[in-house]
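Please look through the structure shown below, and then follow the report as it moves from one group of elements to the next.

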Amino acid sequence: MPAVERPLIYANLRKPGYTVDIDCYLRNGGYEALKKAVALKPEEVCKEVEVSGLRGRGGAGFPTGMKWKFLDRKSGKPAYLVVNADESEPGTYKDRQIIYKDPHQMLEGIAITAWAIQAKQAFIYIRGEFIHGAKILERAIAEAKAKGFLGQNILGSGYSCEIVVHRGGGCYVCGEETGLIESLEGKRGYPRIKPPYFPAVLGLYNCPTIVNNAETMAQVKHVLAFGGAEFAKIGIPGDSGTHIWGVSGLVKRPGLYEIEAGKATFGELLYDLCGGPLDGRKIKAIIPGGSSTKILKVGERFKGKLANGTEFDWALEDIPLDSNSIAACGTGLGTGGTIVIDDSVEMIQALSNLNAFYAHETCGQCTPCREGSLWLSRVSKRITTGGGLETDVPLLLDIANQVAGRTICAHGEAVAWPVQSAVPKFKDEYLESIRKRQKGEEVPKLKLI
Amino acid sequence: MHESPSSAPARALKPETLAQAPAIIAQYPQPRSATMPLLHLVQEDRGYITQEDMTWVAGLVGVTPMQVLEVVTFYPMYRQSPIGRRHVRVCRTLSCALRGSYALMENLEQSLNCKRGETSPDGDFTLEFVECIADCGCGPVVHVDASMHENVKPEDADQFAAQLKATLKDPSYGQNPPVPGTPEWNG
């Protein structure tokens, strides 16, 4: 049976004639989940989310209900909700659709979450480049306030919550939750060291703070709409709900596909939904969940044991689209932003492209990341420009190994993982690229760096 | 890569810009949080940020001008010198590169008579490569001022450049409310 989509988050925004205004949202069942939520006690809403098994959609996949449990409620300080709409992970463009086409869905999730954690102030930290997106959200907030879904005395409950839309300045590292908090405080987006700066305890203004991804907020709306136990039945045990796969790169139909967790495979996503490779080409590799996740090569076998004891032996095309199965193959579901690379691509150029990204985006706080990302970028680029040595291939790996695990934030891993995963799989091709240039032979036409 | 401050004298900020500041600051529990929105406000007014602006923002949010400069120099979107009349930003990162953004950039350099990272001699265009702007399924994408142009193929660079040049003579450019599905809406 070919893979089918199950739109949940994208169900409304895909309807012909669906608009961003609140009347359209209300005609499509909008803010009914919020009504359910405020009729419950905050802790009951937290329980629903915990029971739902929802995992955060920002890339790390941390259980949302558990994150909320960590919130320090004893300090007496105000709690803040910060929504991470700083969508910057290369290959990721799922939150953009929600913001530009169905903003109230996200706002409803924010109102529910704010009620659950009793935050009276929420912030949406949105990419600075989403100029009109920020305006769409501001208009939507004003509409929701006028109808009593946000602002003072929400739905007559006596509870109040304000939302401020805060635009970033074009920095990838501000998608890291503590960098985001620093940025929101009006500073450089330098990530904070954990401990002690766990946001749930010492977050924004050193107050308890929950930082959740934009799509996670939309998912929360559906958790309340279905009820936690019913929501948990969507997907598979351990990974509930839908995942939005944002496929980009070299397939016939790149685009966004919303699939129930675990109910399709990479093969079905890439060949059935995306139409397979461009004519005359073959898919060579994919980066499954945003550029920081480890690359998978077509032709590899993935063998091992899942947490539930099931043994598996998969080709790339067989891997089920759920976070546990993908993690068992040595990579991650991440944001679901799948970048597809075909046989026209020279792998060293693809790697060099990403190395340049991480070198540009390092905040510079930690020496291994600041220096390592720059050296990885320079070494991989010099291979593409003909100055490469055969020793550069192990050198890349050596540098990456000195970055991962040695930095304040996960940018260090993001720098290292593309290199650490690609070098063992494409070493021979890299060496071939070096030799071709030494001999002045023709190299692939597609320029990536 | 950060630009050096301009030596040309800057005009004063518009009164309506100055008038918006108190409401922006009042949104936040702590005034310093208003640093970034105030800098965006200044840049939208004048096109870039001067030392005087930073001193003004610093005074409003209760920090030193140096602390505002730290912010300005950290975030790639802030500028300390003027740019061309149209700001053309081509996405460089992998998804767009796989769909031809490097070839597109080379072609646009010709069509706009402007090298990447520079402003054209006539001051009409500033052309830059930028990192991923989160529209990866429609690559190559080009962000022009506040509009997002999707699927701009390398072979269409001439036509795309002509379209951008036409906007220079359009007095209503950027004035009309965006319509869903257009580059202006998606910007």
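## Two crossing helices in chain B

In this predicted model, helix 6 of chain B passes helix 7 of chain B in a right-handed crossing. The residues that make the contact are B:Leu104, B:Asn107, B:Leu108 and B:Ser111 on the side of helix 6 of chain B, and B:Ala157, B:Asp158 and B:Ala161 on the side of helix 7 of chain B. Sorted by class, this contact of helix 6 with helix 7 of chain B holds four nonpolar residues, two polar residues and one charged residue.

Two packed helices are described by the angle between their axes and the distance between the axes. Here helix 6 of chain B, which covers residues 101-111, and helix 7 of chain B, which covers residues 157-167, pack at an angle of about 50°, and their axes are 9 Å apart. Helix 6 and helix 7 of chain B are therefore oblique to each other.

## Two crossing helices in chain A

Chain A also has a pair of packed helices, namely helix 5 (residues 94-101) and helix 9 (residues 214-226), with an angle of about 65° between them and their axes 8 Å apart. Helix 5 of chain A passes helix 9 of chain A in a left-handed crossing. Helix 5 of chain A contributes A:Lys94, A:Asp95, A:Ile98 and A:Ile99 to the contact, while helix 9 of chain A contributes A:Ala214, A:Glu215 and A:Ala218. By class, these residues of helix 5 and helix 9 of chain A are four nonpolar, no polar and three charged.

## The sheet of chain A

Four strands of chain A form an open sheet in the order 3-2-1-4, with parallel pairing. The edges are taken by strand 3 (162-167) and strand 4 (209-213) of chain A, each of which has a single partner strand, so one side of each is left without a neighbour in the sheet. From one strand to the next, the twist averages 20°.

Within this sheet, strand 1 (residues 80-85) and strand 2 (residues 121-126) of chain A pair in the parallel sense over six bridges, and A:Ala85 stands opposite A:Ile126 in strand 2 of chain A. Helix 6 of chain A (residues 103-117) lies across strand 1, strand 2, strand 3 and strand 4 of chain A, and runs at about 150° to strand 1 of chain A.

## Helix 8 of chain A

Helix 8 of chain A (residues 177-184) also lies across strand 1, strand 2, strand 3 and strand 4 of chain A, running at about 110° to strand 1 of chain A. Is helix 8 of chain A largely enclosed by the rest of the structure, or largely exposed? Eight of the eight residues of helix 8 of chain A are buried, so this helix is largely enclosed by the rest of the structure.

The buried residues of helix 8 of chain A include A:Leu180, A:Ile181 and A:Leu184, and also A:Glu177 and A:Glu182. After helix 8 of chain A comes A:Gly186, whose phi is positive, near 90°.

## Where the two chains meet

Between the chains, 41 residues of chain B are in contact with 51 residues of chain A. The elements of chain B that give two or more residues to the side touching chain A are helix 2 (35-46), helix 4 (65-74), helix 5 (94-98), helix 6 and helix 8 (183-186) of chain B. By class, that side of chain B has 25 nonpolar, twelve polar and four charged residues.

Technical notes. Residues are numbered from 1 along each chain as its sequence is written. Chains are lettered from A and ligands numbered from 1 in the order in which they are written. This is a predicted model: local features need pLDDT of at least 70, side-chain atom pairs count only at pLDDT 80 or more; totals for chains, interfaces and linings use all residues. Axes are lines fitted to C-alpha atoms, for helices over the stretch in contact, and angles run from 0 to 180 degrees between N-to-C directions. Angles under 35 degrees count as roughly parallel, over 145 as roughly antiparallel, 65 to 115 as roughly perpendicular and the rest as oblique. A crossing is left-handed if the near helix is turned anticlockwise from the far one by less than a right angle, and right-handed if clockwise. Two residues are in contact if their C-beta atoms, placed from the backbone, lie within 7 Å. Ala, Val, Leu, Ile, Met, Phe, Trp, Tyr, Cys and Pro count as nonpolar, Asp, Glu, Lys and Arg as charged, and the others, Gly among them, as polar. Two strands pair if DSSP finds at least two bridges between them. A residue is buried if 20 or more other C-beta atoms lie within 10 Å of its own, exposed if 12 or fewer, and partly exposed in between; C-beta atoms are placed from the backbone.
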